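Let's take a walk through a protein model together. Have the sequence and the 3D view ready, and we'll go from the overall picture down to single residues.

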Amino acid sequence: MVKTVTRILPLAAAIGAALLLGAVAARADAGHGNGSVPFGKPGHAAQVDRTIELDVDGMSYSMEKLDVKAGETIRFVIRNESEIEHDFTIGDKATQKSHRAEMAEMMEHMGPGSATMEHDDPNAVFLEAGQTRELIWIFDKAGNFEFACNVPGHYEAGMHGPITVGDNDA
Ligand SMILES: [Cu+2]
């Protein structure tokens, strides 16, 4: 019994370290240039083409999927009508995965509801219970991306959906 445990623990530590390295690498990538990443960049109120309001109720978004045209600037108004905290992150699969690892790490060290959960990634908003927040984003390149809640366990519970950015000349 004891031998089994000692063999599993270093493995868990190794996985944890790998996840952390992944998160750091993704953040370094996102830092290049003018804040533009493969899935777009932060937008300004003056550029908004379309406003999308969505609610969070229980463990789900009121939006199942999102279709936009390359070059569109979207203002998301996200209302958290549930009793717990959530987040709304725009990204590709790899970014969502590293953001999940990052939030799990924060939760583990600080505990749920910690003020430090209010991180300032430009592609994410964190919502306390009852809070409404906005996110303005330009989808400047065509591709298949994802929106997701990265509070631990929520993605796995189904809090995510596809974003399809279509070519403008299509
Ligand atoms: Cu959530």
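The protein chain has 170 residues, and 31% of them count as buried. Here a residue is called buried if 20 or more other C-beta atoms lie within 10 Å of its own, exposed if 12 or fewer do, and partly exposed in between, with the C-beta atoms placed from the backbone.

A quick word on what you're looking at. This is a predicted model, so local features need pLDDT of at least 70 and side-chain atom pairs count only at pLDDT 80 or more, while totals for chains, interfaces and linings use all residues. Residues are numbered from 1 along each chain as its sequence is written. That pLDDT value is the predictor's confidence in each residue, from 0 to 100. For the protein chain the mean is 83, and 72% of the residues reach 70 or more. Being in contact means that the C-beta atoms of two residues, placed from the backbone, lie within 7 Å.

The chain contains 2 helices and 10 strands, where helices (H or I, at least four residues) and strands (E, at least two) are DSSP runs numbered from the N terminus. In sequence order, they follow the pattern α-β-β-β-β-β-β-α-β-β-β-β. Among contacts with a separation of 6 or more, 77% join residues 24 or more positions apart.

How do strands hold on to each other? Strands of a sheet pair through backbone hydrogen bonds, either parallel or antiparallel. We say two strands pair if DSSP finds at least two bridges between them. In this model, 5 strands form an open sheet with mixed pairing, in the order β1-β8-β5-β2-β3. The edge strands are β1 (41–42) and β3 (60–61); each has a single partner, so one side of each is left without a neighbour in the sheet.

Look inside that sheet at β5 (residues 72–80) and β8 (residues 132–139), which pair in the antiparallel sense over 8 bridges. Across this pairing, F76 stands opposite L135 in β8. Strand β8 also holds I136, which is partly exposed because 18 other C-beta atoms lie within 10 Å. I136 and R75 are 61 residues apart along the chain, yet their C-alpha atoms are separated by 4.4 Å. Beyond four places in sequence, the contacts of I136 include P42, H44, V48 and T73.

Next, β6. Which other strands does it pair with? It pairs with β7 in the antiparallel sense over 4 bridges, and D87 has F126 in β7 as its bridge partner. It also pairs with β9, antiparallel too, over 3 bridges, with G91 opposite E146 in β9. Since 6 of the 6 residues of β6 are buried, this strand is largely enclosed by the rest of the structure. Both faces are covered, with H86, F88 and I90 on one side and D87, T89 and G91 on the other.

Finally, find the largest nonpolar core, where I78, F88 and V125 touch the most other members out of 28 residues. Such a core is a set of buried Ala, Val, Leu, Ile, Met, Phe, Trp, Tyr and Cys residues joined through C-beta atoms within 7 Å. Elements giving two or more residues to this core include β5, β6 and β10 (160–166). I78 has F88 and V125 among its contacts beyond four places in sequence.
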